[in-house]
Structure formats: structure tokens, C-alpha cells
Amino acid sequence: MTSSEHVDCLVIGAGPAGLAAARELMRAGRRVLVLEQGDAIATSWRTHRPGLRLHTVRHLSGLPGLPIPREYGRYVTSANLVRYLENYAATLGIDVRFGVSVVRVDRADGRAAKPGWVVTTRSGQQYLADTVIMATGYNRHPHIPELAGLRGFRRPHLHVVDYTGGDQFAGQDVLVVGAGNAAAEAATELVAAGARRVRMAVRTTPHIVRRRVGGVPMQSIAILCGLIPVAVADRLAAGLARLTIPDLSARRLARPRPDLYTRVRRDRSVPVHDTGIVRLLQTGVVAPVAAVVGFTPDAVRLADGAIIEPDVVVFATGYRRGLDSLLGGLGLLDIRGEPAHRSGARAARGFYFTGFTVSATGALRQMAGDARRIARQERRRDRAVFSAVSLG
């Protein structure tokens, strides 16, 4: 028999986006319950390889109400971020219910005293909520493209989420598929751990930026560029790149088009932060190759017609949100299955997304801003309801 529980605000996901939203809604006077399918805070962050660090600086990455401790350093490791988020939930008294997997969200349609939402879990438990915050995460399901012949490829291949560090493939010939931050960091670690050969299959030339320019964090520069028109920001970023990033054309990696901020908005593609990859590309230690178009049982076919035979293939090809099964039919998603409304904005009465915006100014900073916007909108809604009741 299905049981139900009435809640005020329900946040789905106990990662940084969900915790920040919960805290801001609590400050707005709302009663908040967070549902987390894992058995601990920030489950997805716990799966990252030990050496992973934030690309954003500590003092610009804290969530509302609690700064990240200074002793965690300028660029926080994933392990320390998990510690911070655990402390965040405990210190601010956020109510998190673990081991609860949400399978469906529907409109209440008369099943509650006022308009709201019905959230159904795998166990059959239902929650009737006035407000729902979808914070399941941008990197929810690892994605490997369906390339011709991949299913018959006999050599080891895996998604970067299952990559545990360079030591895993020491002494081997490794092909990294992708040219984003995950690919660049994996390639850098593989070289440091003694991989015999490292190549990166590049479909679109990435923008590469230094972490700091003249002592100023690139994140601060990106924040300033966010205040000017995108076309102007693109030109400024291109000029800065010419001054700080060497021309890698001789290494088969031509300069990208001057469209860094356009790509962030249009393609949700952030620049690669240099953690050592520029030097490795410049010296030829990491070799870019053409995009992968297919596989034979023991080889990889590239877009330029080349055939290579790496010992192992690591796919750094991104993630999918997995929202269709949860929200299909509600009109809240676009044709790609992505949120149809930007994070922090009201998607429907009492429904918000958070943590789904790709930003050049830092994901955690964006999540903090999303949380504050959600709380402001809910305060306005509460005042409107109160005024209506008083006038009635």
C-alpha cells in the first residue's frame, strides 16, 4: 500500500546545489526536507579520483552561510569538498533523508489541499510538496557515444568516471577521447604516472585558460567578463589567450575561434583550465589526434582516416542529466531532455531547477546564486499568498 507524507519544500539531491537551496529556503522560513538516493552527502563527489581539485578558488566557491575553511588551500580537493559539504549540512541543520531514490514527479492535481507536487520514490513512498527543487546534478549519468564497432572492441575501455588515476595504466599506450577538463586532467595524470604514450582525440579545439593571469584568478576575470556583452567578452578572451597560451598549431591543435563565452552559453562548454596540459601539448608528450569515428576489434578509426591501436581507451565524453524518466510529460524539459528554464528561475509554480547551469564563473558560485534566487522568488510567492488571504 502506498503511503504519503506532506512536506513544505522538497529538495531532490544532497549535493552542493541541493544543500545551498535548502539553506536559503530555511532562511526564508520554509520547512525543508532533502531526499538523497545515496547513503551520504555529495555522493557523486565521493566517486571522483583522489587527485581532483576544483578549478575555482576557495574564497569564491563557498556556499551561502558557511565559507570553505582556509586550511583547505586555494584549490580545494574533491575529498576536502566532501568534508566541507558534510559539515555544511550538519552545521546548518539541514534535514537529509538518505537512501531515497525518486522515480517520478507529477503535479498534485487535487491530491493536496493546495496546488503542488507529488514525488514518488522507488519504495512506493510518496511526498506531497508545495515546492520542489530538482538538484539531481548536471553530471548524473556517464555518457559514452554509440560509435560504430564499439561493442565489438576487445581492448579495455572505460568512462573517465571509472578512471582512478594515472597509476591504473602505467606503462601503457592510452587514448583519451575528448578535449575538456576531464580529458586534459586524465592525460596529465597519465603522463605523470608513467604511461608509455598518451594521445587525445579532439573533435573541437578547446579554449584553454591559465588558472591565474598576473596573479589574478581566471575565475575573477570571468566574473568581470560576465558583466559585458558576450561578443566583447569573446574578443577579450581571445586576446588574453594569445598573450598567455602558446600557439599549438604545430602540434595539430589550432587556435580556437574567438567564441569562448559564446560556447559557454550556447554549447554549455567551459574552457580547459591549464593544470599542466599546455606544456605537455607543447612538447609533444601528449599528442592530439583526430576525432574517433569507429572501432574494429583491436583498433580505433579516426576522422582523418588514421587507424591506431592503443592498449586502452578512456572516454572523457561527458554526462547526461537523466531527467526524462523523472519529469517526462510535465513540459519542464526541452527537446534534448535538458531543463527548459535556467537554474534558479521558476520553471512552474513551486518548481525549480538548480545546479544545471554551465558557467565560466564557477559551478559552486553559480549554485549559490541559484539558491538565493529561488529563495527570493519563494518569499515573493509567500507574501502574495498572505496578501490574498488577508484581503479575502
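Reader: In what order do the 3 strands of the antiparallel open sheet stand?
Author: The order is β16-β17-β18. Two strands are said to pair if DSSP finds at least two bridges between them. Strands (E, at least two residues) and helices (H or I, at least four) are DSSP runs, numbered from the N terminus. This is a predicted model, in which local features need pLDDT of at least 70 and side-chain atom pairs count only at pLDDT 80 or more, while totals for chains, interfaces and linings use all residues. Residues are numbered from 1 along each chain as its sequence is written, and side-chain values use heavy atoms, with hydrogens and water left out.

Reader: Why is one side of β16 and of β18 left without a neighbour in that sheet?
Author: β16 (292-296) and β18 (307-308) stand at the edges and have a single partner strand each, so one side of each lacks a neighbour in the sheet.

Reader: And how many bridges pair β17 with β18?
Author: Strand β17, residues 299-302, pairs with β18 over 2 bridges in the antiparallel sense. Arg 301 stands opposite Ile 307 in β18.

Reader: What about the open sheet of 5 strands: is its pairing parallel or antiparallel?
Author: Its pairing is parallel, and the order is β8-β19-β9-β10-β15. The edge strands, β8 (157-159) and β15 (286-290), each pair on one side only. On average, neighbouring strands of this sheet are turned by 25° against each other, direction ignored; axes are lines fitted to C-alpha atoms, for helices over the stretch in contact, and angles run from 0 to 180 degrees between N-to-C directions.

Reader: Which residue of β19 does Leu 175 stand opposite?
Author: Leu 175 stands opposite Val 313. Strands β9 (residues 173-177) and β19 (residues 312-315) run parallel and are joined by 4 bridges.

Reader: Changing topic, how many cavities of 30 Å³ or more does the structure hold?
Author: The structure holds 1, and the largest cavity has a volume of about 70 Å³. On a 1 Å grid over the protein atoms alone, a cavity is a set of points where a 1.4 Å probe fits but cannot get out, whereas a pocket is an open set with protein on both sides within 12 Å along at least five of seven lines; lining residues have an atom within 4 Å of a point. Grid points are joined across faces, edges and corners, and a volume is the space filled by probe spheres set on the points.

Reader: Which residues line the largest cavity?
Author: Among them are Ala 179, Met 200, Val 202, Leu 253 and Ile 277. At least two lining residues come from each of β10 (197-202) and α8 (277-282). The lining divides into 11 nonpolar, 1 polar and no charged residues. Here Ala, Val, Leu, Ile, Met, Phe, Trp, Tyr, Cys and Pro count as nonpolar, Asp, Glu, Lys and Arg as charged, and the others, Gly among them, as polar.

Reader: How does Arg 268 count in relative accessibility?
Author: Arg 268 counts as partly exposed, at 26%. Its phi is near 55°, a positive value in a residue other than glycine.

Technical notes: Buried < 20%, exposed > 50% of the residue type's maximum accessible area, 1.4 Å probe, protein only.
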